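Thanks for asking me to look this one over. My notes follow as numbered points, to be read with the structure open beside them.

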Amino acid sequence: MRACYWIVLVVSAAVGCSGAPPPPPDPLDGQMVFVDTLTRKTFLRQPTDELPAVHPESGKRTLMPGLYCAKCQAWYPSPPLEVRQREPKSLRCPKTGELMTPHGPPPENG
Ligand SMILES: [Zn+2]
């Protein structure tokens, strides 16, 4: 009985140590955050150049890449490219004026 215990222990230790260390986890798993411009709901989708992206439920093109505000800890839909180029201010949070980034934690309801 005791010997069995040790065998199990050694085997599991060996399995745990073998192989290359796993790559650092990508919180978004290669996907990016999109925000529905109508409902502000967040979605994790494969990155796409065709914007707005198709909403998975309505089938309409209402999803824009998300911009994350660290102050609000919330995702906002990114403005269209031409607006971003014309108004650098559009990359700032509508509520706090904080500069938003496309990088942030994955949305909880994604
Ligand atoms: Zn904000």
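Which residue takes a positive phi in the hairpin of E1 and E2? That is Arg40, with a phi near 65 degrees, in a hairpin that has five residues between its strands. Please keep in mind throughout that this is a predicted model.

1. **Overall layout.** The chain contains two helices and five strands. Read from the N terminus, the order of elements is α-β-β-β-β-β-α. Of its 110 residues, 15% count as buried. Among contacts with a separation of 6 or more, 49% come from residues 24 or more positions apart.

2. **Strand E1 and its partners.** Strand E1 spans 32-36, and four of its five residues are buried, leaving the strand mostly covered. E1 runs antiparallel to strand E2 (residues 42-45), to which four bridges join it. If you want a pair to find on screen, look for Phe34, whose bridge partner in E2 is Phe43. E1 is also joined to E4, again antiparallel, by three bridges. Here Asp36 is the residue that stands opposite Leu63 in E4.

3. Most residues other than glycine have a negative phi, and most peptide bonds are trans. Arg40 is not a glycine, yet its phi is positive. Arg40 counts as exposed because it has 12 other C-beta atoms within 10 Å, and the cut-off for exposed is 12 or fewer.

4. E4 and E5 make a hairpin with four residues between them, and they pair in the antiparallel sense over four bridges. Gly66 is placed opposite Pro77 in E5. The loop between these strands holds Gln73, another residue other than glycine with a positive phi, this one about 50 degrees. Is Gln73 buried or exposed? It is exposed, because Gln73 has 9 C-beta neighbours inside 10 Å.

5. **The nonpolar core.** The largest nonpolar core has twelve residues: Val33, Phe34, Val35, Phe43, Ala53, Leu63, Leu67, Tyr68, Cys69, Trp75, Tyr76 and Met100.

6. **Met100, a core member worth a click.** Met100 belongs to that core. Setting aside residues up to four places away in sequence, Met100 touches Leu67, Tyr68, Cys69, Tyr76, Leu91, Arg92 and Cys93.

7. **A cis peptide bond.** Do have a look at the bond that joins Leu51 and Pro52: it is cis, with omega about -10 degrees. Pro52 lies in the loop between E2 and E3.

8. **Gln46.** Gln46 is also placed in the loop between E2 and strand E3 (53-54). Gln46 counts as exposed because it has 9 C-beta neighbours inside 10 Å. Its C-alpha is 8.6 Å from that of Val33, a residue 13 positions away in sequence.

9. **Leu28.** This residue lies in the loop between helix H1 (2-17) and E1. Why does Leu28 count as partly exposed? The reason is its 16 C-beta neighbours inside 10 Å, a count that falls between the cut-offs of 12 or fewer for exposed and 20 or more for buried. Apart from neighbours within four places in sequence, Leu28 is in contact with Val33, Leu44 and Pro106. The C-alpha atoms of Leu28 and Gln46 are 9.8 Å apart, with 18 residues of separation along the chain.

10. **Lys95.** My last stop is Lys95, in the segment after helix H2 (81-86). Lys95 has 11 C-beta neighbours inside 10 Å and therefore counts as exposed. Between Lys95 and Cys69 the C-alpha distance is 9.4 Å, while the two are 26 residues apart in sequence.

Key:
Residues numbered from 1 in each chain as written. Predicted model: local features only at pLDDT ≥ 70, side-chain atom pairs only at ≥ 80, totals over all residues. Core = buried A, V, L, I, M, F, W, Y, C linked by C-beta atoms within 7 Å. Contact = placed C-beta atoms within 7 Å. Pairing = 2+ DSSP bridges.
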